Each structure stands twice: as structure tokens, then as C-alpha cells.
Amino acid sequence: MSDETVQQTIARQVTENPILLYMKGSPDQPMCGFSQRAAQALAGCGREFAYVDVLQDERIRQGIKDYGDWPTIPQLYIDGELVGGCDIIMEMFDSGELQQMVEAAGAGAGG
């Protein structure tokens, strides 16, 4: 992570990716049920999304909890804003709200 602090790295990841899921494992090989459900809900919205496997870096795993002041993983960020964890993601998916947010993600730049 070069000269960046963990918080700077997370801020950059969140800013550079319109849809970013911090999870345990990957969408293809989730390492916990909550991460699996969150990734499946996002995939169900039909847009590509970035992810960070927090199991690959303990500093990110702890740092993301501090960054968003959210104690659990997974965490979903859309357009730089914390959406929430698995329960919130699933509620929003069921209501259709997640689909709308995902479709609008990244559209705010310049217009």
C-alpha cells in the first residue's frame, strides 16, 4: 500500500468505484453467507461492481469498519456513500431500491 494510509487507500477505492462491495472472499467464492447474499443481490441488479476481499488484508478488514463507522462486513458503497451491510442490502434489493441506486450509480458526474 505504498505511502498511503489504510484510510487513504479505502477512500481512494470508494471514490474510484461507483459500486464497491467490501466482502469476505469474492463474488465467485464468498467466504461467508452474508457476503454471498450481498454479492448475489448486487449481481441480480445486472451491473458490474467492484469488490475488495477483506480477508486478503487485515488492515483493510479493520480499516473499513472504522472508515464507515460500520461494525460488520460486507459493506456496500455506491457513489462514495455507505449504503449498509447485508440486512440493509437485502431489504433494499427486495423493495427495488437497490436496483434504482445501482442503475443510477456513476451517473452523477457532470450531469
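Analyst: Pro74 lies in the loop between helix 3 (58–67) and strand 3, where helices are DSSP runs of H or I with at least four residues and strands are runs of E with at least two, numbered from the N terminus. The model is predicted, so local features need pLDDT of at least 70 and side-chain atom pairs count only at pLDDT 80 or more, whereas totals for chains, interfaces and linings use all residues. Residues are numbered from 1 along each chain as its sequence is written, and side-chain values use heavy atoms, with hydrogens and water left out.

User: What makes the peptide bond from Ile73 to Pro74 cis?

Analyst: The bond from Ile73 to Pro74 is assigned as cis with an omega near 10°. Most peptide bonds are trans, and most residues other than glycine have a negative phi. The loop between helix 3 and strand 3 also holds Asp69, which has a positive phi of about 50° although it is not a glycine.

User: How do you know that helix 4 is roughly perpendicular to helix 5?

Analyst: The axes of helix 4 and helix 5 (residues 97–104) come within 4 Å and cross at roughly 95°, an axis being a line fitted to C-alpha atoms, for helices over the stretch in contact, with angles from 0 to 180 degrees between N-to-C directions. Angles of 65 to 115 degrees count as roughly perpendicular, those under 35 as roughly parallel, those over 145 as roughly antiparallel and the rest as oblique, and helix 4 is therefore roughly perpendicular to helix 5. Ile89, Met92, Phe93 and Ser95 of helix 4 meet Glu97, Leu98 and Met101 of helix 5, contact meaning heavy atoms within 4.5 Å. By class, this contact has five nonpolar, one polar and one charged residues.

User: And why are helix 1 and helix 3 called roughly perpendicular to each other?

Analyst: The axes of helix 1 (residues 6–16) and helix 3 come within 9 Å and cross at roughly 75°, and for that reason the two helices are roughly perpendicular to each other. Residues in contact include Val6, Ile10 and Val14 in helix 1 and Ile60, Ile64 and Tyr67 in helix 3. The contact of helix 1 with helix 3 has seven nonpolar, four polar and two charged residues.

User: What makes strand 2 and strand 4 the edge strands?

Analyst: Four strands form an open sheet of mixed pairing in the order 2-1-3-4, and strand 2 (50–53) and strand 4 (81–84) each pair on one side only. The twist averages 25° from one strand to the next.

User: How do you know that strand 3 and strand 4 pair?

Analyst: Pairing asks for at least two DSSP bridges between two strands, and three bridges join strand 3 (residues 75–78) to strand 4, with the two running antiparallel. Leu76, for one, has Gly84 of strand 4 as its bridge partner.

User: Which strands do helix 2 and helix 5 lie across?

Analyst: Helix 2 (residues 33–43) lies across strand 1 (19–23) and strand 3, at about 165° to strand 1, an angle that counts as roughly antiparallel. Helix 5 lies across strand 1, strand 3 and strand 4, at about 50° to strand 3, and this angle counts as oblique.

Methods. Nonpolar A, V, L, I, M, F, W, Y, C, P; charged D, E, K, R; others polar.
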